[in-house]
Amino acid sequence: MTAILEVRGLSRQFRSGGLLRPSRLHAVDDVTFALRPGRITALAGESGSGKSTVARLLLRLLTPSSGEVLFAGRNVARDRRRRDVLRYRKHVQMIFQDPFGSLNPAKTVRAHLERPLRIHGIAGRRDAKARVDTLLETVGLVPVASIADKYPHELSGGQRQRVAIARALAANPKVVIADEPISMLDVSIRIGILNLMRDLKELEIAFLYVTHDLASARYVADDILVMYAGQIVEQGPVDEVLANPLHPYTRLLIASVPDGERNLEPIEIRKGTAAAAVDPAPGCRFVDRCPLAIAVCRQTTPELVEAEPGRIARCHVTAPRQREDVHAQPAA
Amino acid sequence: MTLAFSVTPDAPAERVTPVVELENLVVDYVTRTRTIRAVDGVSLSIGAGEIVGLAGESGCGKSTLGNAVMQILRPPAQITSGRVLFGGENVVERRREELRKFRWRNVSMVFQSAMNALNPVMRTGDQFVDMIRAHERVSKHDALERAGDLLELVGIDRRRLRAYPHELSGGMRQRVVIAMALALRPELVIMDEPTTALDVVVQREILQQIRELQTELGFAVLFITHDLSLLLELAHRVAIMYAGEIIEEAPAARLRDEPRHPYTVGLLGSFPPLHGPVERLTGIPGAPPDLAAPPSGCRFHPRCPHCTRDDQALYARQIGERPLLRVIADEHRVACHRVTA
Ligand SMILES: Nc1ncnc2c1ncn2[C@@H]1O[C@H](COP(=O)(O)OP(=O)(O)OP(=O)(O)O)[C@@H](O)[C@H]1O
Ligand SMILES: Nc1ncnc2c1ncn2[C@@H]1O[C@H](COP(=O)(O)OP(=O)(O)O)[C@@H](O)[C@H]1O
Ligand code: SF4
Ligand code: SF4
Ligand SMILES: [Mg+2]
Ligand SMILES: [Mg+2]
């Protein structure tokens, strides 16, 4: 399936430090990936690694410092006119972490869902009701009649998140970006939301699931992107990446997850500052924490290399550069 | 630096003398409009050198229970009935001054937000000194010396005594707070979601360190979290809380392999696995109840897959009679009408 959203060399820097010693934070640095219809791509990594900044760049809530965001083949990264941005946003919707903050306490569920229908000119007054009912059913908010007229405070956290999902689906988007959609929900109701995301694949939506929870990524996603200090360090099919990670950071991340089985068998954790993306020097950003580091790691920045078919990593040792790096070839 | 330790304690030898025993503890939040019973008749004991895990969903009463053990409940919270026995003595009846000494020396606490526990405008070293000197007659110099040792114990360079909290990373701040909790060598350390706000690698580092320190120093731990898979790795014994009650308690491995309460089963089935086949999970239908108006009978009955009308006699008990926590096997207690030994 061809990509609906393609990101090429996306970067965003922020000024940091004081006036006397200004520095640049490379929050997102040369990120390239593609989202395809009917597939869920997980974007994982530790806090501050740049996940949400990628999400905001894709939504055009932030303007990239460089790079392209191709939607259906057209670069939207430099769109300035409100009309263009709005047209793009109709197709690219967002689900936020906080199901409480993202809904308006004074509006009913129905009103929340009718608004995007109106803004994007999808349904007239008459059709709107039927469309809202269908949306509620799609996200499992049944019986529809008893939910539609409720206010957010009358719903549980999980129900609110379902409303947020229904709202994101209202305009028939091609792409949905969910930034940590379950992290604020109770443990026992998270699975329900994950199952819903899995079911939504049938709608041929391309999903970007931003998370720091690898197990949930494995549960819902097809592919995974692992970020470290603003860069993608590994990408590939989620089951393969988690079963047989290439990048030393991915390995550390997986080994750290409690899985209830290993009885805290000690793993080696090296000290080092995470997410060192302020005025980064050449070399690998993971080098201070890496058990496999060799001399070249401090001198040259590793490129993303396809080490095995479909398996891409940014590491001199586990994904050595052979012929050409993946970005030299046009994305499929 | 590499963290490594060799001991993987299965469980402390035999059933050791309890450090703390909760007997039928009831804690209410009493406001003019309503009363919320956040802890409802909890009995639990923690042995010397034992790590006991307390798991449950948000709002089920975990923190309230921890705060009650630490004796730091503030109005509108009140201990309505029951006892908190420390070395056999009920601390609920103690006076303020006695409690001040009891805290930190006998039992200390680590909270989720280290930032709230630390004073932002004071160097970490001075915070240690104040705390130590409030309890012991030692010189400032000696207290600072000890603070340095404590920092090194949790893997932080002692020169960081001069740092202000904001100059430390989140993981380092949490380790400072853990070091502080250990300063007076308490018998029990209560940890309330100490790693929830941290990244998984940092969390792992801290958990390994807690386990290492605990093995070395022998204090008991009450570890509170909503992350059951974490507890199954860390704790010797795990208690599951639902709507103010403990509904199951067992050694960690047994709870993982032979959970008996339907809520525990549901909770275990709510964590997607990191290995093995990916099967569709169901989680638990519905949502945790509002403690201001908990369901009748078994509090889990509105969400329980076994609460059907197939067996009328059982159904009547499920909706009308509160199941008691009963021993069903060695060290395994369950509160469910359907479960028998
Ligand atoms: N508007 C901004 N101005 C300056 N720095 C920013 C801004 N937005 C983000 N950053 C910085 O960019 C980096 C990446 O932040 P981002 O929010 O994308 O991380 P994240 O991976 O989503 O983390 P988390 O898991 O904590 O949500 C961080 O160092 C952050 O402080
Ligand atoms: N200060 C307070 N006033 C009133 N109710 C409270 C207060 N603190 C907690 N509660 C209520 O007590 C119950 C248990 O809360 P808590 O012990 O914090 O749960 P947990 O730690 O398991 O998330 C919840 O219903 C909560 O809303
Ligand atoms: S490039 Fe070198 S330092 Fe970086 S992850 Fe690979 S081996 Fe480690
Ligand atoms: S007592 Fe009945 S309703 Fe309650 S948990 Fe047991 S089986 Fe379910
Ligand atoms: Mg984020
Ligand atoms: Mg709590």
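A: Let's start with a rule: two strands pair if DSSP finds at least two bridges between them. Strands (E, at least two residues) and helices (H or I, at least four) are DSSP runs, numbered from the N terminus. This is a predicted model, where local features need pLDDT of at least 70 and side-chain atom pairs count only at pLDDT 80 or more, while totals for chains, interfaces and linings use all residues. Residues are numbered from 1 along each chain, chains are lettered from A, and side-chain values use heavy atoms, without hydrogens and water.

Q: In what order do the eight strands of the open sheet in chain B run?

A: Strands of a sheet pair through backbone hydrogen bonds, either parallel or antiparallel. Here the order is S6-S7-S8-S3-S9-S10-S12-S11, with mixed pairing. S6 (107-110) and S11 (326-329) of chain B each have a single partner strand, so one side of each lacks a neighbour in the sheet.

Q: In which sense do S7 and S8 of chain B pair?

A: Strand S7 (188-192) and strand S8 (220-225) of chain B run parallel, over five bridges. One bridge partner of this kind: B:Met191 goes with B:Phe223 in S8(B).

Q: How big is the area buried between chain B and chain A?

A: The size of an interface is often given as the accessible area lost when the parts come together. Here that's about 3,900 Å² (1.4 Å probe, summed over both parts), and carbon and sulfur atoms give 56% of the buried area. B:Arg204, B:Glu233 and B:Leu274 supply 20% of what chain B buries against chain A.

Q: Which side chains meet in a salt bridge?

A: A:Asp199 and B:Arg280 do, at 3.1 Å, N to O; the rule asks for a Lys or Arg side-chain nitrogen within 4 Å of an Asp or Glu carboxyl oxygen.

How values were computed
Buried area = accessible area lost by both parts, 1.4 Å probe.
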